[in-house]
Amino acid sequence: MANGSEVVHGYPHLDTVRAAITALYRRLTPEGLYAYDVSVAPADVSFADDDDLHLGAQRVAHALVRQLRLPDARMIVGFRGMTHAASVELAAGPEYFVELNDRFRTHRRDIGAALAHEITHVLLHRLGLSFPGTRDNEILTDTVTTYLGAGWLLLDAYREDGVTSQKLGYLTPEEFGYVLAKRALAFGEDPSPWFTSPRAYTAYTAGRDVALHDGRQPPLTAAGWAGRHRYAKDRRQAREHPGAATGLPYAFESGGPDDALRVSFPCPTCHQRIRVPVRGRVRARCGLCRTVLECDT
């Protein structure tokens with residue numbers, strides 16, 4: 001797990017984050033994901049300065065094992081000097097060895113964040129879910145940690161002022177906010193009362209704006225006037241010049257026995273692409289997450 005000293009902002013990994021959400025829905029199914037509809041409670045992962053270091057770390061690890069539905073996984077937590085914030089030894093189990101950077105001996109409030117990321121590595125290992133390449137696989141891990149109800153800890157570990165800065169994980173603060181907002185929209189849960197870091201709350205609200213924008217893209221009926229106007233222009237061009245490039249994220253295509261025009265676009269919940277006929281008002285159901293979408297094609 002990385003510990004970034006220089007905090008990058010914005011959404012440089014957004015495509016990979018969206019792909020990770022899609023992969024999670026495919027692997028766990030909507031029914032499986034609803035087992036994670038309640039996030040880990042702040043009281044279960046709190047760490048007071050007078051708590052015993054090792055007993056406290058084991059307690060927090062146990063709470064995160066429960067949150068991530070790893071009932072037979074035993075975490076052995078240790079501390080040592082290292083470059084990264086934390087690491088985990090992925091073996092057959094049932095015992096897994098997590099090592100945290102020595103600095104967490106005195107920065108105990110962030111132990112839960114570091115453990116959440118590493119324990120999610122164990123979950124993904126057991127699920128057989130991974131992305132090629134270290135960078136994308138770490139982005140997958142951060143995304144899954146957050147979507148399954150433990151990643152608000154990672155965003156809350158983000159602090160920045162004029163002198164110092166700290167961020168855990170590979171996602172930017174705004175990308176953590178985006179995934180948290182996606183989770184909030186899917187499960188009706190508001191994580192904002194849990195933040196102790198004002199910067200974390202600001203990043204969450206920025207990410208939430210982007211997440212809400214996903215649900216306001218044409219051909220969804222919630223799209224605004226400007227989006228609808230652009231969509232109508234692209235639809236007309238697609239009819240007059242089949243195969244021509246159109247605006248993103250939607251795309252037009254024709255073919256098949258009836259040579260009818262169709263439009264494809266990403267589901268705002270799971271980002272699986274949906275294809276519907278261009279014939280005015282239609283109701284589409286995502287085949288992956290089963291979200292029902294009102295469209296004006």
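Mentor: One term before we start. A polar contact is a pair of N or O atoms within 3.5 Å; within protein, one must be able to donate a hydrogen and the other to accept it. Also, keep in mind that this is a predicted model.
Trainee: Okay. Which backbone oxygen does the side chain of Arg59 reach?
Mentor: That of Ser46, at 2.8 Å.
Trainee: Where does Arg59 lie?
Mentor: In helix α3.
Trainee: What else is Arg59 in contact with, neighbours within four places aside?
Mentor: Besides Ser46, the list holds Ala43, Asp44, Phe47 and Asp51.
Trainee: And how far is the C-alpha atom of Arg59 from that of Gly112?
Mentor: The two C-alpha atoms are separated by 9.9 Å. Along the chain, Arg59 and Gly112 are 53 residues apart.
Trainee: New residue. Where does Gln67 lie?
Mentor: Gln67 lies in helix α3 too, which covers residues 53-67.
Trainee: Why does Gln67 count as buried?
Mentor: Its relative accessible area is 7%. Buried means under 20%, so Gln67 qualifies.
Trainee: Which backbone oxygen does its side chain reach at 3.1 Å?
Mentor: For Gln67, that is the oxygen of Val38. The backbone oxygen of Leu148 also lies 2.8 Å from a polar atom of the Gln67 side chain.
Trainee: Which residues is Gln67 in contact with, leaving aside neighbours within four places?
Mentor: Tyr36, Val38, Ser39 and Val40 are among them.
Trainee: Let's zoom out. How many helices and strands does the protein chain have?
Mentor: It has 9 helices and 11 strands.
Trainee: What does the radius of gyration say?
Mentor: The protein chain has 21 Å. A compact globule with 297 residues would have a value near 19 Å, so the two agree.
Trainee: How much of the chain is buried?
Mentor: Buried residues make up 52% of the 297.
Trainee: And what about the accessible surface?
Mentor: It comes to about 13800 Å² for the protein chain. Carbon and sulfur atoms hold 51% of that.
Trainee: Last one. How many positive and negative side chains are there?
Mentor: The protein chain has 35 positive and 35 negative ones. The centres of the two sets lie 8 Å apart.

How values were computed:
Residues numbered from 1 in each chain as written. Predicted model: local features only at pLDDT ≥ 70, side-chain atom pairs only at ≥ 80, totals over all residues. Heavy atoms only, no water. Helix = DSSP H or I, 4+ residues; strand = E, 2+ residues; numbered from the N terminus. Buried < 20%, exposed > 50% of the residue type's maximum accessible area, 1.4 Å probe, protein only. Contact = heavy atoms within 4.5 Å. Rg over C-alpha atoms; globule rule 2.2 N^0.38 Å. Areas by Shrake-Rupley, 256 points an atom, 1.4 Å probe, with all protein chains shown as cover. Lys, Arg positive; Asp, Glu negative; His and termini not counted. Charge placed at Lys NZ, Arg CZ, Asp CG, Glu CD.
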